[in-house]
Each structure stands twice: as C-alpha cells, then as structure tokens.
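Welcome! Take a look at the protein below, and then let's go through it together, one question at a time.

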Amino acid sequence: GDGTWGINAGANVTGNNTGTISGSAGVVTRGNSVINNNGGLISSPDRGIQVTGGPVTLTNSNGGVIEGVAGALLYGGGTVVNTGNSRITSTGNYIGLGFQSGSANITNTFGSTIEGLYSIYDEATSITLDNGGLLRGHVGLNHGLVQQVTLRTGSQIIGNLSIGAMAGSTLTLAGTGTQVHSQAVTGVTDFGGDLIKNDSGDWVINRSIGPRTATVNGGALGFASGGSFGSGTALTLAAAGTTLHTDSGAAVVGTLTGVAGSNVALAGGSSLTLASNLDSNVASNISGAGTLVKQGTGVLALTGNNSGFTGELAAYSGALQVTGSQALGGAALSIGGPVTLASPAPSFSLNAVNFFVPGGLLAVQAPGSVTFNGLVSGAGALDLRGIAGAVSLLGNNTYAGGTRFGGNSVLVRSD
C-alpha cells in the first residue's frame, strides 16, 4: 500500500507484508488481528502500526522494519515477536512499542531492536517481556499491575527499567555467560518484586536494586562495587551447584538461605551484610578472604563446610549457630555487640576473636570442649559459662572486658 492510509482495515483480519507499506498511518486495524511483517517495511510519519480494540498478534521478522513517530501502538495488548535482526522504531523520540490496556507478551530476540524515548511504554497493561536484544530507550511499565520481565545475557536496555513492586511481579535474569547488570540496563532499575536467577550464566549486580526476594535456581549471582539489594531482600540459593559471589564492594541483603551443595564466595576486600532481624540458614560452602557481616537480632546458622573461608565473620547482635569448627573455617570472628555463639559439636575451635567496640560480649554455648586457637583482643568480654567441657585459651590474649567462667576447667596458655 502507498497512500493516505497504508492499510486501514477492520477487526479479525490477517495481513502479511514482504514489501513496503507507507502512508499517513502505516497499518491501522481493529482487534483480533494478525500482522506479519516478514522482511518488509511499514513506515509512516505518524504511527507505523495502530491497533484499536482487542489484542493483536504482531510478528516482525527477517530484517523487518516498522517505523513512525510511534512505531506501534497496540491499544488492546496482544503478542509481539521482534526477531531476525528486525526493528520497531520511533522516528520522533516518542514510543517504540506502546500499550493501553489488556495484557501483552513481548519477545525481542538477540540482534533485534525496539527504540524510542520509551522503547516500551505501558499505560494500563500487564506485560510479559523477554528481552534478548536491544531496547534503545526507557522501559516504563504500570506499577499497579503485575509485570514480568526476563533479561538475557547479551541483551541491553539503554535507559531505565521501571517494573514496580506489585505482588507477582518478577525480574528474571537468564542466559549463559557473564552479564554485568549496568551493561544490561544502563539506567535505573526500579523494581521491588521477586528476582529470579535461572540458567547457567553469571549475572553481576553493580547497581542498587531492591527486590522483595531473590532466588538463584541456576548458575551464579554476584555483587560488584555499587551492587546491593538492601535489608528487605530475602536471598536464597535454591539448588546445589549455585553460587553467590561478592567480587568487590559492600553488598547488603536482608537474609540468606543456602541449600547444601551451594556456594558463597567472598573475595578479599568485599563484604556481604545480612541486615535483617530474621533468621538466616546457610548450608552453603563459604570460601574466600572477604567479610560476612551479621546484623540484626536473629540467628545465623552456618552448617556447610567452610574450610576455605579465610576472611572475617563480623557479628553485631543475635546468635551464631555453627555445626563445628568446619563451619567457621579459618575465619576470624569480630564482635560488635552482645552475641551468642552456639554449637552442638562435642568439641570445636575458634580462630582469632576481636571485640571491635567497647561493650562487646561473646557468650559461648557448647556441650563439649571449646578451644580458642587465636588471639582474643579488644575491649569486650567472654562469657564461658555455657560451655560444659574444658576451655582452652591458647593465644597471647589482650582483651580487656574480663571473663565469666562456669564450673568447667580452663587452660590458659600465654607467652
């Protein structure tokens, strides 16, 4: 077509284009329509495609181009597939792909592009978006509706990603290989729903995001400088073989749950803070020279084999529960408040202990013997009355807060 209107049709129509359609509006139809642009050009100085009424099925493939001041306005939602190095473009710095009501499923594959000031804009539509390609422009979704977004390794949004925090809204990080978040979304990610990490890839978070939950089902999820979730996020390593890693910076989550066979790797100079008052149960294997920080009044239970953990475990309050010496590995223990350390093991040992604030208190509870192999230092106190067996203090200790003993035997060795 080439005229005042490229194509102006009613509802329940199917249009297949392999050539050129142009006019004051490229294609205008009503609801329940099917539009296939297979390598063709649909071009308009106004709207490349406009569909009023019910949903539409739009496929733009094999290098197809849909362009106009607004690329495609689909008022009743529908299904959009943009694939095969195709593009949907706003030529007027407006909306690439826009929706007004209903629900919509959008797939943008690797090599394909949707672009505009807003690459995707939603007034009152529940969107399911799977992006493996390029979205050049902001993605603005209605925060009052359930929105589900999947980002794949190698994809990019040049602009902000605004999803909201509606119950049921999700952000899924998928694909293979390594993806840095700030390269996948160059602007702000406004999201407070449930984050899901799938597939074997490694996503590295280096911007602040505030999901309600974060669940790692496959591969790895990491933090680098600037990356954090915040104290309201419950993070779970849900499958054996999954990994949480901190490469740099000071990441914060609320709680951490890790199943047996999962891994937590803390690089030297980095830290991971558990900031919630709720309990954390970590059966993961912890390694590295970084710092694990426990805040809040809850319990942090460590039950994995953490023999490769050579950094620091810093606790400000609450309780630490460890299965034995392997749960602490070679990590030093830093105490910044009243903390209880409990173990069911018949015997276990601690490394260096440092009270880094005045008034720090470490109360140890164990049914057997406890050995302090390292230096105990700082201004805090030890409460050893909960130890049923022998206590051995083997370091040249300098702590100044005193010691409370029970009826147990105590071996003190100091050079």
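Q: What share of the contacts in the protein with a separation of 6 or more comes from residues 24 or more positions apart?
A: This is a predicted model, so keep that in mind as we go. Contacts are counted here when heavy atoms lie within 4.5 Å. Taking those with a separation of 6 or more, the share from residues 24 or more positions apart is 24%.

Q: What percentage of the 415 residues is buried?
A: The accessible surface comes to about 14900 Å², and carbon and sulfur atoms hold 51% of that area. To count as buried, a residue needs a relative accessible area under 20%. Among the 415 residues, the buried part is 52%.

Q: Which strand pairs with β4 in the parallel sense over 6 bridges?
A: Strand β4 covers residues 33-38, and its partner covers residues 56-61. Within this pairing, Asn38 stands opposite Ser61. The partner strand is β7.

Q: Which strand do 5 bridges join to β7?
A: Look for a strand at residues 78-82 that runs parallel to β7. Thr57 stands opposite Thr79 there. That strand is β10.

Q: Which strands stand at the edges of the open sheet of 6 strands?
A: The order in this sheet is β21-β24-β26-β28-β31-β34, with parallel pairing. Each edge strand has a single partner, so one side of each is left without a neighbour in the sheet. The edge strands are β21 (178-180) and β34 (285-287).

Q: By what angle are neighbouring strands of the open sheet of 6 strands turned against each other on average?
A: The sheet runs in the order β21-β24-β26-β28-β31-β34. With direction ignored, its neighbouring strands are turned against each other by an average of 15°.

Q: Which residue stands opposite Thr243 in β31?
A: Strand β28 (residues 243-246) and strand β31 (residues 263-266) pair in the parallel sense over 4 bridges. Thr243 belongs to this pairing, and the residue opposite in β31 is Asn263.

Q: How many residues apart in sequence are the parts that Arg87 and Glu67 tie together?
A: The side chains of Arg87 and Glu67 meet in a salt bridge, at 3.4 Å from N to O. Arg87 lies in strand β11 and Glu67 in strand β8, so the pair ties together parts whose distance in sequence is 20 residues.

Q: How far apart are the closest N and O atoms of Arg385 and Asp383?
A: Arg385 is partly exposed at 47% relative accessible area, whereas Asp383 is buried at 10%. The two form a salt bridge, and the closest N and O atoms are apart by 2.9 Å.

Q: How many salt bridges does the structure hold?
A: Side chains of opposite charge can pair when their charged atoms come close. One of these pairs is Asp46 with Arg47, at 3.0 Å. The total in the structure is 6.

Terms used: Residues numbered from 1 in each chain as written. Predicted model: local features only at pLDDT ≥ 70, side-chain atom pairs only at ≥ 80, totals over all residues. Heavy atoms only, no water. Pairing = 2+ DSSP bridges. Helix = DSSP H or I, 4+ residues; strand = E, 2+ residues; numbered from the N terminus. Axes fitted to C-alpha atoms, helices over the stretch in contact; angles between N-to-C directions. Buried < 20%, exposed > 50% of the residue type's maximum accessible area, 1.4 Å probe, protein only. Areas by Shrake-Rupley, 256 points an atom, 1.4 Å probe, with all protein chains shown as cover. Salt bridge = Lys/Arg side-chain N within 4 Å of Asp/Glu carboxyl O.
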